[in-house]
Amino acid sequence: MFTLGIETSCDETSVAIVRDGHEILSNVILSQTIHSKYGGVVPEVASRAHLKTIIPIYHKALQEAKVTIDDIDLIAATMGPGLVGPLLVGLSFAKGLAFAKDIPFIPVNHTEGHLTANILEHPDLDNHHLSLIVSGGHTLLVEVMEFGRYKILGQTKDDAAGEAFDKVAKVMGLGYPGGAKLDKLAQSGNARYFKFPRAILNDDSYMFSYSGLKTAVALYIEKLSAEEFEKHKADIAASFQEAAVEVLVKKTLRAVRDKNIRDITISGGVAANSRLRSMFQEKIKGSKFRLFYPSLELCTDNAAMIAAVGYFRYQKDGAGELIANAVPNLRLDEI
Ligand code: KG4
Ligand code: ZN
């Protein structure tokens, strides 16, 4: 079964063709670079950029997969969460195409897409697993009973983990979005240089908080002279990253122990973080736990993960409705 997936919830325009939920035939991703000069995504600008590029990217995805629209059995598009203008571009395009070609249609939750990137790439992953979703918009700890049945154990009280990486990167002059650049800089720094706060690390909840950490780093930098900052830039990046990652790893591992779950998945843009991966590996070494993460391309926003959700949901519940609307604040447990 060939599923065509469409993703336009933020600043990536992406169209993918996935066979049977596991085999990616194409996954074309265009990241809009125009927002870097504004220091963040401008919704109106993003919508217009999606409108300009969605049709050429759709043709490219078909071409790379060596199929035509007549080979497509299912169309899946992100309906939320995300920015309403960008969401409407991809969703309307998908619905128009499904209607014109009489192809079944599935609206997809973007957060479920991140989680499903692991199911797409790791067929041996246990159905019942624990999923840490960490992106620019989300920090969620989810018990996946099986695909489609989720219990949200915890989430952030304020900023998302990726948002904290982006804001600290911005204060450090690394540009936007700066998560990946901060990760790279941190590799040459000393993570023990300064101990930034680990928010709500030792309580018995699975909640997270990132706004205090972000402010602590900003205040710390403010007090430094230009020379001191330059000299210790990498150390500050590494120390911030260590604090941000430690809370994610410790709370996730506490949850798998509490719930007696073997498999852990991480997904979303921050799952690309090298220290998050290495700290998890260090802590689970020699234990029964298994860690899964998507390849780099499937960590950040992409349409292959959306196509995979569409396929698995279609297997479970059949086609969705063409009246599906964009829902900017769609929750994972609302679907
Ligand atoms: O999943 P994603 O593409 O978009 C959302 O759904 O939000 O995630 C983007 C986020 C950005 O905040 C970006 O800075 C962060 O993921 N990110 C990273 C890394 N690569 C991307 N954060 C830390 N380390 C990285 N290597
Ligand atoms: Zn995302």
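**Entry 1: salt bridges**

I started with Asp 159, which is buried at a relative accessible area of 10%. This is a predicted model, so I kept in mind that side-chain atom pairs count only at pLDDT 80 or more. The side chain of Asp 159 meets that of Lys 167 in a salt bridge, 3.6 Å from N to O. Lys 167 itself comes out as partly exposed, at 31% relative accessibility.

I then searched the whole structure and got 22 salt bridges.

- Glu 230 and Lys 233 make a salt bridge at 3.6 Å, N to O. Both lie in H7, which covers residues 226–259, and they are three residues apart, about one turn of the helix.
- Glu 246 and Lys 250 make another, with the closest N and O atoms 3.0 Å apart. This pair is also within H7, four residues apart, again about one turn of the helix.

**Entry 2: the zinc ion**

Which residues hold the zinc ion (ligand 2)? I get His 110 and His 114, each through NE2, plus Asp 301 through OD, at 2.0 to 2.1 Å. I counted four donor atoms around the zinc ion (ligand 2), with angles of 95 to 132° among them, and the site is classed as tetrahedral. For reference, ideal tetrahedral angles for four donors are 109.5 degrees.

The donor residues are spaced H-x3-H-x186-D in sequence. I checked where two of them come from: His 114 is in helix H3 (residues 110–121), and Asp 301 is in the loop between helix H9 (296–299) and helix H10 (304–317). They are 187 residues apart, so I wrote this pair down as a link between distant parts of the chain. His 114 and Asp 301 are both buried.

**Entry 3: aromatic rings and a charge**

How many aromatic pairs does the structure hold? I find seven.

One of them is Tyr 58 with Phe 93, an edge-to-face pair at 5.3 Å centre to centre and 75° between the planes. Tyr 58 is in helix H1 (residues 43–65) and Phe 93 in helix H2 (residues 84–101), so the pair ties together parts that are 35 residues apart in sequence. Both of these residues, Tyr 58 and Phe 93, are buried.

I also looked at Phe 194 and Phe 196, which form a tilted pair at 4.8 Å centre to centre, 55° between the planes. Phe 196 is buried, with a relative accessible area of 1%, whereas Phe 194 is partly exposed at 33%.

Phe 147, Tyr 311 and Phe 312 are linked by ring pairs into a cluster. I noted a charge as well: Lys 251 lies over the face of Phe 208, 6.0 Å from the ring centre.

**Entry 4: helix H10**

H10 has 14 residues and runs 20 Å from its first C-alpha to its last, close to the 20 Å expected at 1.5 Å a residue. Just after H10, Gly 318 takes a positive phi of about 80°.

**Entry 5: a loop residue**

Last, I looked up Asp 102, in the loop between H2 and strand E5 (105–109). Asp 102 is exposed, with a relative accessible area of 70%. The C-alpha atoms of Asp 102 and Asp 73 are separated by 9.6 Å, and the two residues are 29 apart along the chain.

Key
Residues numbered from 1 in each chain as written. Chains lettered and ligands numbered in written order. Heavy atoms only, no water. Salt bridge = Lys/Arg side-chain N within 4 Å of Asp/Glu carboxyl O. Buried < 20%, exposed > 50% of the residue type's maximum accessible area, 1.4 Å probe, protein only. Helix = DSSP H or I, 4+ residues; strand = E, 2+ residues; numbered from the N terminus. Donors = N, O, S within 2.8 Å, 3.2 Å for Na, K, Ca; no water. Tetrahedral: all angles 85-135°; square planar, octahedral: opposite > 155°, others 65-115°. Phe/Tyr/Trp six-rings, centres within 6.5 Å; stacked < 30°, edge-to-face > 60°. Lys NZ or Arg CZ within 6 Å of the ring centre and 35° of its normal. Expected span 1.5 Å × (residues − 1).
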